[in-house]
Amino acid sequence: MDDSPGLITTPLTDDLVRGALDLERTARGGLLPHRLPARARAQFGDEQVAQAESQPSGVRLVFRSRATAVEVDVVRTVVGYRGVPPRPDGAYDLHVDGEPAGRATASGGDLVTVDLDDGSQETVHGPVGTVRFGGLPGREKTVEIWLPYTETTELIALRTDAPVAAAEPSGRRVWLHHGSSISQGSAAESSATAWPALAAAVGGVELVNLGLGGSALLDPFTARALRDTPADLISVKIGINLVNRDLMRLRAFGPAVHGFLDTIREGHPATPLLVVSPILCPAQEDTPGPAAPDIADGQVEFTALGDPSEAALGKLTLRVVREELARIVEQRAAGDPELYYLDGLALYGEADSAELPLPDRLHPDGAAHRRMGERFGALAFGPGGPFAATR
């Protein structure tokens, strides 16, 4: 879609993309970032995981240039739900030398509409869209374009008004994080303002975000992806999806956590590894799942469908998950001095819920993401924290 004369087209190569675990070459000659490797994608067989891992939270185009104008052609895939107002268009955040410098959206692309009653889907295909940024400073600089966490994004072309070169590695430590939709960014303003991205900025680290909406389920293929990905720091935020999917009972949960951590330790035997329990979610603190969306007047709220008395029979609640995670980490840490625990209530707890309630009773909004990012930055990267640079 080369409609801007005077711009230089630069081939999209792997060294221009950061934050993805795999880059798929497409029939259009573009790049489709994935946040799980091909081996994992061959194993999950779950449409929700497929959707989440292809939504490029934390993935960004990074290059050096004197360009004052940048265009990126993309084909986005947007998922919507029948009867629910569409989400805002996904945000592409521009950073120049590490500082926010603009935001844009794309048009066109494919729209997948899901019927929540029967699970059926309808796809309408659309054209290539273009993301444009202008008015950049004319000096040599590092340009980062953070891709949206809400839309699968196929990168088609990169155009600028000055030559582009791949940026040299930053030399910063790499933080590999896995969690749920809250870690992926759900209800944040953009991928760059999701709490892990904000915490990474506080810590001065390179983020690889494996937050997978609805899919932080202690899956072995995810553990192997974490095991096999180079990292200096690792965190895993466990619990909310296991509860709201009603996936397992307490008897299975403990061994599954041990197995997940064992697998990560196979590839990272001495890397600082932080286990983070769920943030406050009043609907599921003492009520087991499953959780289901309740749609009224075009608004979505999540409701827990379990019976609180079932926790005595081994069904998981967030309170039970926190207690078990703390116990497991304490037990393992006796022989693993680089294993740490962070109570998610320290990131978002009772007082935060009163001030910044979860809009849909499950996901924090942009202000809460900012608070969580600041708090994680202080607790994990600050003095005495498990990720502190001076340790």
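## Helix packing, a parallel sheet and some local details

The model is predicted, so local features need pLDDT of at least 70 and side-chain atom pairs count only at pLDDT 80 or more, while totals for chains, interfaces and linings use all residues. Residues are numbered from 1 along each chain as its sequence is written, and side-chain values use heavy atoms, with hydrogens and water left out.

α7 (residues 250-267) packs against α8 (residues 318-333) at about 45 degrees, and their axes are 11 Å apart. Axes here are lines fitted to C-alpha atoms, for helices over the stretch in contact, with angles from 0 to 180 degrees between N-to-C directions. The two helices are therefore oblique to each other (under 35 degrees is roughly parallel, over 145 roughly antiparallel, 65 to 115 roughly perpendicular, and the rest oblique). Helices (H or I, at least four residues) and strands (E, at least two) are DSSP runs, numbered from the N terminus.

The contact between α7 and α8 divides into eight nonpolar, three polar and three charged residues.

Next comes the sheet. It is open and parallel, with five strands in the order β16-β15-β17-β18-β21; strands pair if DSSP finds at least two bridges between them. β16 (206-211) and β21 (339-342) stand at the edges with a single partner strand each, so one side of each has no neighbour in the sheet. On average, neighbouring strands are turned by 15 degrees against each other, direction ignored. β18 (residues 273-276) pairs with β21 over four bridges, in the parallel sense, and Val276 stands opposite Leu342 in β21.

The whole structure holds nine aromatic pairs (ring centres of Phe, Tyr and Trp, its six-membered ring, within 6.5 Å; planes under 30 degrees apart are stacked, over 60 edge-to-face, the rest tilted). One of them joins Trp175 and Phe381 edge-to-face, 5.6 Å centre to centre and 80 degrees between the planes. This pair links distant parts of the chain, with Trp175 in β15 (residues 174-179) and Phe381 in α10 (residues 366-381), 206 residues apart.

| Site | Angle | Loop |
|---|---|---|
| Gly289 to Pro290, cis peptide bond | omega near 5 degrees | Pro290: between β18 and β19 (291-296) |
| Asp97, not a glycine | positive phi of about 50 degrees | between β7 (92-96) and β8 (99-104) |

How values were computed:
Nonpolar A, V, L, I, M, F, W, Y, C, P; charged D, E, K, R; others polar.
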